[in-house]
Amino acid sequence: MLAARTRDVAGAEDALAEAFAAALADWPASGVPRSPEAWLLTVARRKLVDAARRRRTSEEGSDVLQLLADAEPEAEIPDERLRLMFACAHPAIDEAVRAPLILQVVLGFDAAAIASAFLVAPATMSQRLVRAKNRIRQAGVPFSVPGRDELAPRLDAVLDAIYAIYAEGWSDPAGTQAQTRGLAEEAIWLGRLVASLLPQEPEAFGLLALMLHAEARRAARRDAHGEFVPLGEQDAARWDGALIQEAETLLMAASRMRSPGRFQLEAAVQSAHAIRRLSGRTDWSAIVALYDALLAMTGSVVVAINRAVALAEVEGAAAGLAALDAVQGDARLAQYQPFWAARAELLARLGRREDAAEAYTRAIGLEADPAVRRYLQRRAAMPNSGQRP
């Protein structure tokens, strides 16, 4: 069955051998699964997908998509974490807390990390999680895996959680932090699995495309000395072409379903950035238009900030700063580093050095990544920091 999907008999043999090795390690401790063959097939398929990603050629990217398309629709959710994630997204649980509950209960994130992902104070997030657990207990909400026909209504929360997992891994591009190491790859694996289980859901494809576009730039985010390189300065030749192509294929498949959503639009923004790899320029007007659609759809203050940065590239720093000023009253932004970094950059471009220095100081104080902090310090110290880097 594996070789029929990939047309790679040797690769299928290697993947199945690894699945058998995993079974020998896992089953003595956890017991033989109810369907051993399905367990082995699922693990072997994951090994094949992982091997295809490591090889990272355009042909292998096509094989990965074929694996997604050929997954048996009648199979149960084959990953225990994903089963639990859908269980945590029960409709009786408050919609705003489903994704945070998944992150804590299933994946072990602490309240501070979850709060940061959702722009909420840690104490507030802790209270929400406690209330959600009380609600589950008091209302007798069944903590069970839903049937296949119940997966789609719970999908949004699961996708939000997977994206939060990826974002935690994205924040550590060098993989030096033990608590976040491997999270990006795990999120992509879960994203692939959801896309294979629900191939009729365009947002599942949109999220996977978004993560792959971001992952394609991982190697370019640091220079040879480990220093931070912002997107506009990255060498596009270092972006992973195979991952970009796979993301584009997924995004096109999603668009053919004619049901646009948040993750599809965010992936489209990344696609517009990826065009620079071929054309040598970024289509900022298209990016502004996509952020306009995203802002109308979500009302997200983070989207508003990103739109302001893009708008500055099209209409100038004054227009971008005015867009930032329009959301400055949101209390959540007081501790949000990207807002202050963007504000500092635009103020510097306008020659407002004192205001820019104050904003840079706020951004530097809020940044946890030493490489990004050093970059901001260099920008703040530049005599002509208003010039584009």
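Guide: Happy to, and let's start with helix 15 and helix 16, whose crossing is left-handed. Left-handed here is when the near helix is turned anticlockwise from the far one by less than a right angle, and right-handed when it is turned clockwise. Helices are DSSP runs of H or I with at least four residues, strands are E runs of at least two, and both are numbered from the N terminus. Before going further, please keep in mind that this is a predicted model, in which local features need pLDDT of at least 70 and side-chain atom pairs count only at pLDDT 80 or more, while totals for chains, interfaces and linings use all residues. Residues are numbered from 1 along each chain as its sequence is written, and side-chain values use heavy atoms, with hydrogens and water left out.

The axes are lines fitted to C-alpha atoms, for helices over the stretch in contact, and angles between N-to-C directions run from 0 to 180 degrees. Angles under 35 degrees count as roughly parallel, over 145 as roughly antiparallel, 65 to 115 as roughly perpendicular, and the rest as oblique. On the helix 15 side, the residues in contact include Trp284, Ile287, Val288, Tyr291, Leu294 and Leu295, and among their partners on helix 16 are Val303, Ala304, Arg307, Ala310, Leu311 and Val314. Contact means heavy atoms within 4.5 Å. By class, this contact divides into 11 nonpolar, three polar and three charged residues. In this scheme Ala, Val, Leu, Ile, Met, Phe, Trp, Tyr, Cys and Pro are nonpolar, Asp, Glu, Lys and Arg are charged, and the others, Gly among them, are polar.

Now turn to helix 10 and helix 11 (residues 202–215), which pack at an angle of about 150° with axes 9 Å apart. Helix 10 is therefore roughly antiparallel to helix 11. The crossing of helix 10 and helix 11 is left-handed. Helix 10 brings Ala184, Ala187, Ile188, Gly191, Arg192, Val194 and Ala195 to the contact, and helix 11 brings Ala204, Phe205, Leu208, Met211, Leu212 and Glu215. Sorted by class, the contact of helix 10 with helix 11 has 10 nonpolar, one polar and two charged residues.

The largest nonpolar core has 107 residues, of which Leu82, Met85, Val158, Ile162 and Val194 touch the most other members. Helix 10 (residues 183–197) gives the most to this core, with 10 residues. Such a core is a set of buried Ala, Val, Leu, Ile, Met, Phe, Trp, Tyr and Cys residues joined through side-chain atoms within 4.5 Å. Buried means under 20% relative accessible area, exposed over 50%, and partly exposed in between, with a 1.4 Å probe and protein chains only.

Helix 6 (residues 95–105) and helix 8 (residues 122–139) cross at roughly 90°, with axes that come within 10 Å. Helix 6 is thus roughly perpendicular to helix 8. Val97, Pro100, Leu101, Gln104 and Val105 of helix 6 meet Met125, Arg128, Leu129, Ala132, Lys133 and Ile136 of helix 8. That contact of helix 6 with helix 8 has eight nonpolar, one polar and two charged residues. Ala99 also belongs to helix 6 and is buried, at a relative accessible area of 4%. Beyond residues up to four places away in sequence, Ala99 touches Phe118, Ala157, Asp160 and Ala161.

Between helix 7 (111–117) and helix 8, the loop holds Leu119. Leu119 has a phi near 55°, a positive value in a residue other than glycine, and counts as buried at 18% relative accessibility.

To place these details in the whole, the protein has 20 helices and zero strands, and 48% of its 389 residues count as buried.
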